[in-house]
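Have the sequence and the 3D view open as you read.

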Amino acid sequence: LTESRGNEMANALWYHAAIQGGHRVAQVSLADNLMLQYMTDENLTSKEKESMILMASILLTQALHQGYNSLDMLHRIRDVECSRLANAGVEIPSDEFFQSAVIQVLLLSMS
């Protein structure tokens, strides 16, 4: 079993437990692994990165609403998303900034 294949299997199992089972630890584990991939995989497209960070923010918000204290991780995702948007030329704050799906999820989760 290669590391890449093992990672794919772990993500699939975490996804099933997180989404189908609603397990907050699985939600946090999958979000953490998505962010690790986001930060380390240099071959990801901009769209793939945006999808990964959105999925991680949704998973952490689900865990937060189920009683898991994921605020620190959500704050880190906010910082990463702000950096991603700034690198894309988005002014912070601006209408375009607040239209980001990730920022919208984060604002809802932290209110």
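Which residues does Val80 touch, not counting residues up to four places away in sequence? Keep in mind as you look that this is a predicted model. The partners of Val80 are Met35, Tyr38, Met39 and Ile53. Val80 itself sits in helix H4. Its relative accessibility is 19%, and buried means under 20%, so Val80 counts as buried. Tyr38 lies 42 residues away from Val80 along the chain, with 9.9 Å between the two C-alpha atoms.

Helix H3 covers residues 46–65 and helix H4 covers residues 71–87; their axes come within 10 Å and cross at roughly 160°. Angles over 145 degrees count as roughly antiparallel, and H3 and H4 are therefore roughly antiparallel to each other. Their crossing is left-handed. On the H3 side, the contact is made by Ser46, Glu50, Ile53, Ala56, Ser57, Leu60, Thr61 and Leu64. H4 contributes Leu71, Met73, Leu74, Ile77, Val80, Glu81 and Arg84. Sorted by class, the residues of this contact are 9 nonpolar, 3 polar and 3 charged.

Next comes helix H2, residues 24–40. The buried residues of H2 are Ala26, Gln27, Val28, Leu30, Ala31, Asn33, Leu34, Met35 and Tyr38. What covers these buried residues of H2 includes helix H1 (3–20), H3 and H4.

Take H3 from that set and look at how H2 packs on it. The axes of H2 and H3 come within 8 Å, crossing at roughly 155°, and the two helices are therefore roughly antiparallel to each other. This crossing, too, is left-handed. H2 makes the contact through Arg24, Gln27, Val28, Leu30, Ala31, Leu34, Met35, Gln37 and Tyr38. From H3 come Lys49, Met52, Ile53, Met55, Ala56, Leu59, Leu60, Gln62 and Ala63. The class count for H2 with H3 is 13 nonpolar, 3 polar and 2 charged residues.

One more partner of H3 remains to visit: helix H6, residues 101–109. Here the axes are 9 Å apart and the packing angle is about 10°. H3 and H6 are therefore roughly parallel to each other, and their crossing is left-handed. In H3, the residues involved are Glu50, Ile53, Leu54, Ser57, Ile58, Thr61, Leu64 and His65, and they meet Ala101, Val102, Val105, Leu106 and Ser109 in H6. This contact has 8 nonpolar, 4 polar and 1 charged residues.

Is Ser109 buried or exposed? At 6% relative accessibility, Ser109 counts as buried. Leaving aside residues up to four places away in sequence, Ser109 touches Thr61, Leu64, His65 and Leu74.

Technical notes. Residues are numbered from 1 along each chain as its sequence is written. This is a predicted model: local features need pLDDT of at least 70, side-chain atom pairs count only at pLDDT 80 or more; totals for chains, interfaces and linings use all residues. Side-chain values use heavy atoms; hydrogens and water are left out. Axes are lines fitted to C-alpha atoms, for helices over the stretch in contact, and angles run from 0 to 180 degrees between N-to-C directions. Helices (H or I, at least four residues) and strands (E, at least two) are DSSP runs, numbered from the N terminus. Angles under 35 degrees count as roughly parallel, over 145 as roughly antiparallel, 65 to 115 as roughly perpendicular and the rest as oblique. A crossing is left-handed if the near helix is turned anticlockwise from the far one by less than a right angle, and right-handed if clockwise. Contact means heavy atoms within 4.5 Å. Ala, Val, Leu, Ile, Met, Phe, Trp, Tyr, Cys and Pro count as nonpolar, Asp, Glu, Lys and Arg as charged, and the others, Gly among them, as polar. Buried means under 20% relative accessible area, exposed over 50%, partly exposed in between (1.4 Å probe, protein chains only).
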